Amino acid sequence: MGEHIIKLPDVGEGVAEAELVEWHVKVGDIVREDMMLAAVMTDKATVEIPSPVDGEILWLGADIGDTVAIGSPIVRLKVAGEGNVVGGAMPAEVTAESISDDTGARPVSDLEPSSPNLSPSSSGLSRGSAVPQGYDATSSGRSVDPRDKPEDDGARSKVNSAPRAQGERPLASPAVRLRAKEAGIDLRQVQGSGPAGRIGHEDIEAFLARGPHMAKASGLARNDAVEDIKVVGLRRKIAEKMTLAASRIPHITYVEEVDVTALEDLRAALNKEKRAAKGVERPKLTLLPFLMRAMVRAIADQPNLNALFDDEAGIIHQHGGIHIGIAAQTPSGLVVPVVKHAEALDIWECGAEVARLAEAAKSGTATRDELSGSTITITSLGAMGGVATTPVINHPEVAILGVNKMMVRPVWDGTQFIPRKMMNLSSSFDHRVIDGWDAAVFIQRIKTLLETPALIFVD
């Protein structure tokens, strides 16, 4: 028997450290090679760490929310054979240099969260039965038996039977959310066994094993419970970004009403066409591609809107390429995938790229490159209603365009009221570098383009 140390591998993209956002295992667990151990976050991309060997978890080297340097030991296992600890014995203080680097992190996009190989029930993996024959998995030298921990399973079942409080948002990694989505599970019905009730893969499998059930309404009852939830992972990134933007950027917000009746007619006509473009089937167009093309044309007249402001250096970086961030709500929180070089994309290419990035963001498979590099951003709460918003600028950009709900309203045409499809644009600008006049000119140009959509296609 030996010991094997797993250290945080290089997760790519030149990062020196990552935040631990989830443990899939706990001390005493038996794991198999390729079984997921943990999830870490770099910027807004999540990477899962698999086990390179079979073994028993002896030690976990970080807590949820800790920032861990690349190369730092994070897991110690008891394994068959000599393990990878130099000298065969565990040093008093583990160092990254004392162990071999044999662990490869996998971006979420490379994983198959629903793979039956990771399911204890379907793969035969259980505490003891999954260990290779002849492998002594316990410190006492006896074989592991599934009956060794009946209390754990019973306790977990008892915890999982309780519904979540009204409005409570379940904590879970993108991979777990994807697994739940594929299985048709409402995560609000699953109680997690991790810190702060975080839901792991094992909780999903346990829920499936018992069979889904709906929480029963218990009627009105006083609830004095207070739960302290540590802000970690994507939520912490969002909090830091919003604090930075709100504290350093003096916003000016400009709201304008736009008549999109003609644009909606054009969009419906284009979506009826099934003709392929450039050999590729055309995507169904939403309002976003039209808005992006209108922004491209407006920025051609006002390139100062497509810029990043380095306020410490006192320099405005005005970009030629228009990289439009699309603020998107995902099961994990707000992310901003970026459509690069929108100035070089036609209306259908914009639509296809938006659809591709939106799916990657929602499934948690978007890469760091796809979530960074924007020079101006669009945000939309239109689907939720509301006539106006106050968008927070995506620091260090200087402008953000907000889209509100489109509604049919009566509009006076000089002789009578007629029904028109109306939509508000609520947009914010960095008032240090963008004057109110320039902000108004920019939005009025976009309004003209959207109300006369043929102009979007005229060079």
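Helices, as named in these legends, are DSSP runs of H or I with at least four residues, numbered from the N terminus.

**Figure 1. Isoleucine 347 in helix α8 of the predicted model.** Isoleucine 347 belongs to helix α8, which spans residues 347–363. With a relative accessible area of 2%, isoleucine 347 counts as buried, because the cut-off for that class is under 20%. Leaving aside residues up to four places away in sequence, isoleucine 347 is in contact with Leu285, Pro289, Phe290, Arg293 and Phe457.

**Figure 2. Isoleucine 347 beside phenylalanine 290.** Along the chain, 57 residues separate isoleucine 347 from phenylalanine 290, while their C-alpha atoms are 6.6 Å apart. Phe290 is also among the residues that isoleucine 347 touches. Helix α7 covers residues 287–301 and helix α8 covers residues 347–363; each of these helices supplies at least two residues to the lining of the largest pocket.

**Figure 3. The largest pocket and its lining.** The volume of the largest pocket is about 1,300 Å³. Its lining consists of 49 residues, and Ala327, Ala328, Thr379, Ser380 and Leu381 are those nearest the pocket centre. Sorted by class, 31 of the lining residues are nonpolar, twelve are polar and six are charged.

**Figure 4. Helices and strands around the largest pocket.** Helix α8 makes the greatest contribution to the lining, namely six residues. At least two lining residues each come from the helices α5 (233–248), α6 (261–272), α7 (287–301) and α8 (347–363). The strands β14 (328–330), β17 (376–380) and β18 (399–403) likewise supply at least two residues each.

**Figure 5. The chain as a whole.** The chain holds nine helices and 20 strands. It has 459 residues, 45% of which count as buried. Of the contacts between residues at least 6 apart in sequence, 66% link residues at least 24 apart. The accessible surface amounts to about 22,800 Å², with 54% of this area belonging to carbon and sulfur atoms.

Figure 6. Mean pLDDT for the chain is 79, and 77% of the residues reach 70 or more.

Terms used:
Residues numbered from 1 in each chain as written. Predicted model: local features only at pLDDT ≥ 70, side-chain atom pairs only at ≥ 80, totals over all residues. Heavy atoms only, no water. 1 Å grid on protein atoms, 1.4 Å probe; cavity = no way out; pocket = protein on both sides within 12 Å on 5 of 7 lines; lining within 4 Å. Points joined across faces, edges and corners; volume = space filled by probe spheres on them. Nonpolar A, V, L, I, M, F, W, Y, C, P; charged D, E, K, R; others polar. Buried < 20%, exposed > 50% of the residue type's maximum accessible area, 1.4 Å probe, protein only. Contact = heavy atoms within 4.5 Å. Areas by Shrake-Rupley, 256 points an atom, 1.4 Å probe, with all protein chains shown as cover. pLDDT = per-residue confidence, 0-100.
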